[in-house]
Each structure stands twice: as structure tokens, then as C-alpha cells.
Amino acid sequence: MADRFVTRGFTGRRDRAGGTADAARRTPPGQYLTTDFPVLSAGPTPRTPLDRWTFTIEGLVREPVTWSWEAFRALPARDWIVDISCVTKWTKLDMRWRGVSVDTLLEGVELGDRAAFVIAWSDGDYTTNLPLSDVLNGQAFVAWEYDGRRLSPEHGGPARLVVPARYFWKSAKWIRGLRIADRDEPGFWESLGYHNRGDQWLEERYGGD
Amino acid sequence: MTSPIAWRLATIAGIRDETPSVKSFGLAIPDWPGHRPGQHVDLRLTAADGYSVERSYSIASEPERAGIVDLTVERIEDGEVSTFLHDVVEIGDRIELRGPIGGYFVWDAAASGPLYLVAGGSGIVPLMAMLRHRARAAVDGRARTGLLFSSRHAEEIIYRAELDGLATAGDGLTVWHTLTRLRPEGWAGYDRRIDERMLAETLEPVGIEARAFICGPTALVETAANALVRLGLPPDRVRTERFGPGGT
């Protein structure tokens with residue numbers, strides 16, 4: 001490997017990494033730790049009244065399923081404490097959410113034999129794509145609470161997908177459903193130059209990384 | 001297979017004070033592939049022991065400017081990168097960067113029709129790239145453009161003289177300022193945080209057919225984006241870019 005370029009005069013402020021070896025170990029390459037919860041989105045914040053909100057699983061399933069807000073909230077939920085990394089460079093440790101695992105949601109349907117991908121879709125026409133293998137076995141959940149409070153619209157409420165092992169754009173805000181597919185289909189940011197998979201530990205920020 | 005966006009070594013070719021806490025850095029970048037107004041770059045700083053940090057910064061310059069890419073950076077008191085850029089970097093220094101990045105918050109003069117921009121503080125930077133591009137592209141003056149720009153104090157208005165110049169060029173650009181903290185004697189602009197009434201008044205002469213771009217702190221972006229949708233702009237014509245308090 002070529003010698004690394006060194007920036008003249010730069011020493012850095014290591015305290016920004018949280019000061020502990022544990023925090024440093026949990027911060028992916030090129031990220032910095034924050035204690036805020038920055039808001040990033042491409043357009044206006046959609047607001048769907050809860051009495052019109054539904055969550056649907058469709059596509060390559062034997063029978064699509066749709067939950068009302070009440071029914072969705074009655075699904076078996078749990079607390080999740082996870083580290084989140086955004087492609088805009090911030091990482092926040094120990095974020096506490098409450099929601100239902102994608103595993104539990106998929107128990108409500110029978111997947112087709114060729115099911116291999118999910119496309120999460122949201123109010124505001126946002127989409128993001130993930131291989132099924134990235135969202136099963138406790139790797140992804142749909143949250144409606146953050147830090148003990150109802151998830152605010154700016155942060156994706158009423159409900160957002162959370163996929164901690166991927167950059168945060170994969171954690172679709174304002175989620176309304178999952179479409180199961182047999183082939184991959186780039187979502188909103190994935191079609192605009194961002195990486196198709198988005199693994200923050202491999203620093204897969206942009207297409208070709 | 002897409003090829004990666006390469007890291008390049010840029011040389012600092014110029015440093016200019018914009019306001020007491022904001023500087024512009026002119027970067028000479030070898031083999032720069034060109035950019036679209038609104039896009040950003042990633043900077044990477046590396047210490048001798050290998051410790052390194054990355055940050056994203058919006059490009060301030062128009063694509064027509066050959067050879068130099070301008071970044072405009074606000075100094076954040078507890079920031080790790082912005083303080084280094086402000087306090088340490090000198091002309092002739094080299095900085096690693098890659099880009100351009102981002103394909104949604106972009107505007108080209110080829111997109112005909114009115115343009116409506118809302119900025120808060122250093123959120124002006126990607127919008128300035130659009131306005132500089134617009135001036136260079138000599139757009140049809142009948143395609144109205146408006147900028148509503150919120151700053152705290154008069155001396156913190158980034159690009160103030162240049163914006164004044166662009167607004168008097170007679171090519172259909174109107175600039176409205178609002179100051180949220182202190183107003184100088186005889187201030188003729190708005191004197192409060194951006195609200196729906198201010199947005200309605202400034203959107204009106206530009207027209208509801210406008211494409212809107214909003215960049216600034218989260219609270220400003222939320223207010224402006226929600227209000228513009230209520231005022232009748234379709235959500236897909238309202239594009240936003242936000243930075244939180246921990247953004248830089």
C-alpha cells in the first residue's frame with residue numbers, strides 16, 4: 001500500500017472520538033462521534049395521519065399483508081440499543097429505539113421461493129433497497145419510539161426502518177411498507193451515486209467504493 | 001461496475017475572509033471532472049500517526065470557473081476540521097479530497113423556469129454555486145429567481161457584496177435578507193426568523209411554478225419546506241439540505 005498522505009499541521013482532536021478506546025473501536029472509518037441527532041432528508045417532511053397510516057408487505061409473497069397503525073403497534077415489540085452511522089460522517093452510539101423486528105413482520109407472510117431483496121418504500125416516494133439477508137435475524141426493525149418518546153416526524157415518525165449495520169439512508173424514514181423482490185432494484189440514493197450496499201465498516205459511501 | 005470516486009490532492013490557491021467566522025478556500029484540483037451546482041466534496045485530513053477525519057463541504061463555485069473549486073467554510077468553535085481549515089491552513093498547503101458528490105440537490109441552468117432559494121447562514125454555499133452558475137449561463141431574465149437569506153447579524157451575511165452585485169445585474173434575480181438578531185440602523189430588510197408569511201411574500205413574485213432549494217439549519221429547513229408545500233409547491237419540487245448543530 002502506498003504511503004499515506006499526511007496533512008501538514010493536522011494533529012486532530014482525539015477527544016472527539018469520545019475519549020475511550022471502546023468509543024473509538026465502535027466508530028467506523030471516516031466517521032466522527034456526535035451526541036446530537038442530526039436531521040437529513042431530501043425534501044419536505046411528509047405527515048400521514050395515523051388513521052390513514054398502514055404498513056404493507058407485498059411483492060413476492062403468497063398473500064400481501066397490511067396492518068393498521070393500531071394493529072402494527074400491537075405486534076410484539078422490544079427495545080433496541082444500537083450504534084448508527086450516517087454517510088454524512090456522524091456516528092451516534094447507543095441509540096435507544098422501540099419497535100418490531102423485520103423477522104416478526106415477515107412471519108405475517110409466506111415468502112416466494114425466489115424472494116431475495118426488499119425494497120422499503122415511504123411516504124414522500126422515498127425508497128431504499130436491501131438484500132433480505134441484510135434485514136433478517138435481528139438485523140433490522142421498524143421503530144416508532146426513540147429514546148422513550150414517540151418518533152418525531154423530522155426523524156421519520158410515525159415509523160422508520162432501522163438497519164444499524166448500514167449507513168443511515170438505508171433506515172428509511174416514514175416507512176409504509178416492504179416490497180419483496182427476486183432481483184435488486186436501486187432505491188432513491190442508490191440511484192443518485194450512493195453505494196448499493198452501504199456497509200459503513202467497509203466505507204461503502206458512493207458507487208464504486 | 002462504477003469506478004470509485006478517486007481521492008485527489010488539491011492545493012490551496014487562495015483564502016478569502018467572507019465574514020469574521022467564514023472563509024472561502026480556492027482549491028486547485030488536478031483532473032477535476034467538473035461538478036453541478038449544489039454538489040459537495042469530502043475532505044480528508046490525516047495526522048502523522050495515521051489518525052484521520054473526513055467531512056463534507058458544499059462547493060461554492062460555479063462549474064464554469066476553470067481550474068479552481070471554491071469551498072466556503074464556517075468556523076465551528078468546537079469543530080475539528082473547520083478550526084483546522086481556518087487556523088492552520090495556508091496557501092500552498094495540500095488537502096486530500098474527492099468528489100463531486102450528490103445528485104439530487106443540484107440545479108442546472110438548463111432546467112428552465114423560475115428558481116426559488118432559501119438559505120440560513122452557511123446554508124447559502126450550495127445555493128451560491130447555483131446563482132453564480134446562473135449568472136455565467138446568462139439565463140433568460142424572464143425566468144425569475146428569488147433568494148431569501150437569513151443571517152443573524154449584518155456583518156455575518158456571507159457573500160453580501162457579491163449578492164448585491166448579482167441582484168442589480170438586471171437578469172431577474174431578487175435577493176431578500178432577513179436578520180434574526182441585531183439590525184443595523186436603517187435596515188430595510190426583514191427582521192425576524194423565516195416564517196410562512198415571509199415565504200409567501202417572497203415566493204409570490206417568483207411564482208408557484210418555481211423549483212425550490214432550501215439549505216440551512218434543521219429548524220429553518222423544516223419551517224420553509226412545510227410552508228412551501230402549504231403554499232402550493234408540489235413536494236417533489238422542494239429539495240432540501242440540512243445541517244444540525246453537530247454538522248461540522
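Modeller: Start with B:Asp31, which sits in the loop between β2 (22–28) and β3 of chain B. Strands are DSSP runs of E with at least two residues, helices runs of H or I with at least four, numbered from the N terminus. This is a predicted model: local features need pLDDT of at least 70, side-chain atom pairs count only at pLDDT 80 or more, and totals for chains, interfaces and linings use all residues. Residues are numbered from 1 along each chain as its sequence is written, with chains lettered from A and ligands numbered from 1 in the order in which they are written.

Biologist: What's phi of B:Asp31?

Modeller: Phi is near 55°, positive in a residue other than glycine.

Biologist: Is B:Asp31 buried or exposed?

Modeller: B:Asp31 is exposed because it has 6 other C-beta atoms within 10 Å; the cut-offs are 12 or fewer for exposed, 20 or more for buried and partly exposed in between, with C-beta atoms placed from the backbone.

Biologist: Other topic. Where is B:Ile59?

Modeller: B:Ile59 lies in the loop between β4 (52–58) and β5 (68–74) of chain B. It counts as buried, since 26 C-beta neighbours fall inside 10 Å.

Biologist: Which residues is B:Ile59 in contact with, leaving aside neighbours within four places in sequence?

Modeller: Among them are B:His40, B:Leu71 and B:Pro100; contact means C-beta atoms, placed from the backbone, within 7 Å.

Biologist: And which peptide bond joins B:Gly99 and B:Pro100?

Modeller: A cis one, with omega about 0°. B:Pro100 is in strand β6 of chain B.

Methods. Contact = placed C-beta atoms within 7 Å.
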